[in-house]
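Here is a short report for a first look at this structure. Please view the sequence and the model, then read on.

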Amino acid sequence: MSEAAIAVSHLVKRFGDVVAVDDVSFEVPRGTIFGLLGRNGAGKTTTLETCIGLTVPTRGTVRVLGLDPTKRAEFQRLKWRIGVQLQATSLPEKARVSEILDLYAAYYGVPPRAAEFAERVGLEDKLDRFVGKMSGGEQQRLALAIALLHDPEVVFLDEPTAGMDAFGRRILWAEVERLKAAGKTLVLTTHYIEEAERLCDEICIVQAGKIVARDTAAALVTAHGGSACIDFAARGFSLDPSLENLGRWSQKGERWQVFVAVEPGHALGAIVSHANALGVSIDDLDLHRPGLEDAFIAITGEALDDDALAGTAGAAA
Amino acid sequence: MNVLRVLLAQTRANFLWYFMRDGEMIFWSLAIPVFFLFVFSFAMGGGSTQSTSTFLVPGLIGAQVLSSGFWGVGAMLATFREKKVLRRIYLTPIPSWTFFSALVLYRMSLLALQALVLAIVGGLVFHVHVIGNPLSIALILALGAATFVSLGTVIGAVVRSTESANNIASVLTVPLAFLSDAYIPIDRFPAAIANLLRLLPSTQFIDAFRGIAMYGDSLAHYAVWIGILCLWAFAGTAVSARYFRWV
């Protein structure tokens, strides 16, 4: 039982000339929640799909519960023990929710419990609804229910809350916490900071097919976010060598940002007196405790989604 | 016996989801063949619609068998792959033969329904009499469905996009129906061409089906063609099993 639930070693996946996954290795201990966090196209889904046998690695190995998903017989045994909620999938449009739940129960030879599982994902009053008539978020919740019907040991969730409303997200998060309490191992991909921070025991930050950081959310923030983040706008401001030593600086137009490595009050004092010496006025100053998003930006040099990036660019303009 | 339960549940689900609840599908698979029966009977029948219709009823059912395999299964599999329905099924532990058998069974039950409708309309309107042994009729129809569904899955296995699968399905179905003794008696072609056309599995199936259903021939009478159809079915299954991709 000490063996890891999932072991990925030097995984490479190429599609033609494009390297989607570039030498990725990680292990997921049993009973933990493992998150792959990154922007769209970073290689999260490809990594997850190699774990569940949908994609064959170009190089490297993948073991889930000790089984190799590229080997037919081992993959067949693995299918009974994993549950999967795919981002890119669809169920027949003219099928009713209860029919899908009953058919999937039959696939796994478990007793039909459509009503119970519909309730678990908040679809109890939609049992007679056609799949094609449900919203994207509702279809995602149905996909979650069929991933869990057979009580799998390892659960893979690919962008589980993409397109979900607040209600759907709460349901999914509650379900993830329930699975963790039951001792299940979970792997999820996400580009939502809040989701990764809230759910995952361990987070891998993925950028351009590589793992660029891997730790708990708290450790990532401490290691990469610094003690504070200071953000201000000052026309005509410039750095000198002593200020540069305060931490990691970035600049967009008049907008300056520094992840401070030293004591925050000291840094703030130094910035203010430097601005005074330059005769520059500081507008819109903000000092906050860094979060995972700050750590993400510090590590990758990019915002997590394009909205956030547009927000920063807009503020700088 | 869980596999058997899954097979039945999946067949029933296919029938419900892809036929019963799809108005367009009901129209194309039931109304259109009946419409063709009327048009062709009057257009080609001249003075004797009865003998023309007796020729047409099994021909139209045979054409439905072709379209069932190429369209109904071949193009549908390509659509399922593109819409990412297949990958979800692939991740479940059901054996792939269960999934394919359920498609074949669904298509066979739909064909039985289509055959029944054409035979009843043919009987009531054009005095067509089905005199063959019901068991023999069921067997040859099932063999035809299995053969053309298995050839259809080759399209689904090899062709990537829904669009080309649809094109290939129509290019195969429509001309084949005209060349395989379904609508036009094959002996209206020059003898040399007719002999070539008799080598087509679609001609062999439709002729055997017509002989057994309408003229009371025995299965044994068509033993050679039945054997060849079995070979086609086997070859189609083997090619699909080798090249089929779920994702």
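## Helix packing in chain B: α1 and α5

The angle between two helices runs from 0 to 180 degrees between their N-to-C directions, and each axis is a line fitted to C-alpha atoms over the stretch in contact. This is a predicted model. In it, α1(B) and α5(B) pack at an angle of about 50°, and their axes lie 8 Å apart. That angle makes α1(B) oblique to α5(B). The crossing of the two helices is right-handed.

Which residues of α1(B) meet α5(B)? They are B:Val3, B:Val6, B:Leu7, B:Gln10, B:Thr11, B:Asn14, B:Phe15 and B:Phe19. The α5(B) side includes B:Phe99, B:Leu103, B:Tyr106 and B:Leu110. By class, this contact has 11 nonpolar, six polar and no charged residues.

## Helix packing in chain B: α5 and α6

Helix α5 of chain B covers residues 96–126, and helix α6 of chain B covers residues 134–158. These helices pack at an angle of about 130°, with axes 10 Å apart. Angles from 65 to 115 degrees count as roughly perpendicular and those over 145 as roughly antiparallel. α5(B) and α6(B) are therefore oblique to each other. Their crossing is right-handed.

From α5(B), the contact takes B:Phe100, B:Leu103, B:Val104, B:Arg107, B:Met108, B:Leu111 and B:Ala115. Facing them in α6(B) are B:Leu141, B:Ala142, B:Ala145, B:Ala146, B:Val149 and B:Thr153. The classes here are 11 nonpolar, one polar and one charged. B:Leu103 of α5(B) takes part in the contact with α6(B) and also in the contact with α1(B).

## Where the chains touch

How many residues does each chain give to the contact? Chain B gives 19 residues and chain A gives 21 residues. On the chain B side, the elements with two or more residues are α1 (2–20) and α4 (86–90). The largest share of that side comes from α1(B), with seven residues. So what classes of residue make up the side of chain B that touches chain A? Nine are nonpolar, three polar and seven charged.

## Strand β12 of chain A

Strand β12 of chain A spans residues 255–260. Is this strand mostly covered or mostly open? It is mostly covered, with five of its six residues buried.

Two strands pair with β12(A). Strand β10 (residues 228–233) of chain A pairs with β12(A) in the antiparallel sense, over six bridges. One bridge joins A:Ala233 to A:Arg255. Strand β11 (residues 247–252) of chain A also pairs with β12(A) in the antiparallel sense, over six bridges. There, A:Ser250 stands opposite A:Gln257. β11(A) and β12(A) form a hairpin with two residues between the strands. In that hairpin, A:Gly253 takes a positive phi near 60°.

A:Val12 lies in strand β1 (residues 6–15) of chain A. Buried, exposed or in between: what is A:Val12? A residue needs 20 or more other C-beta atoms within 10 Å to be buried, and 12 or fewer to be exposed. A:Val12 has 16 and is therefore partly exposed.

A:Val12 and A:Asp23 are 11 residues apart in sequence, yet 5.0 Å apart in space, C-alpha to C-alpha. Leaving out residues up to four places away, A:Val12 touches A:Val21, A:Asp22, A:Asp23, A:Pro57, A:Thr58, A:Arg59 and A:Gly60.

How values were computed. Residues numbered from 1 in each chain as written. Chains lettered and ligands numbered in written order. Predicted model: local features only at pLDDT ≥ 70, side-chain atom pairs only at ≥ 80, totals over all residues. Contact = placed C-beta atoms within 7 Å. Helix = DSSP H or I, 4+ residues; strand = E, 2+ residues; numbered from the N terminus. Nonpolar A, V, L, I, M, F, W, Y, C, P; charged D, E, K, R; others polar. Parallel < 35°, antiparallel > 145°, perpendicular 65-115°, else oblique. Left-handed = near helix turned anticlockwise from the far one by under 90°. Pairing = 2+ DSSP bridges.
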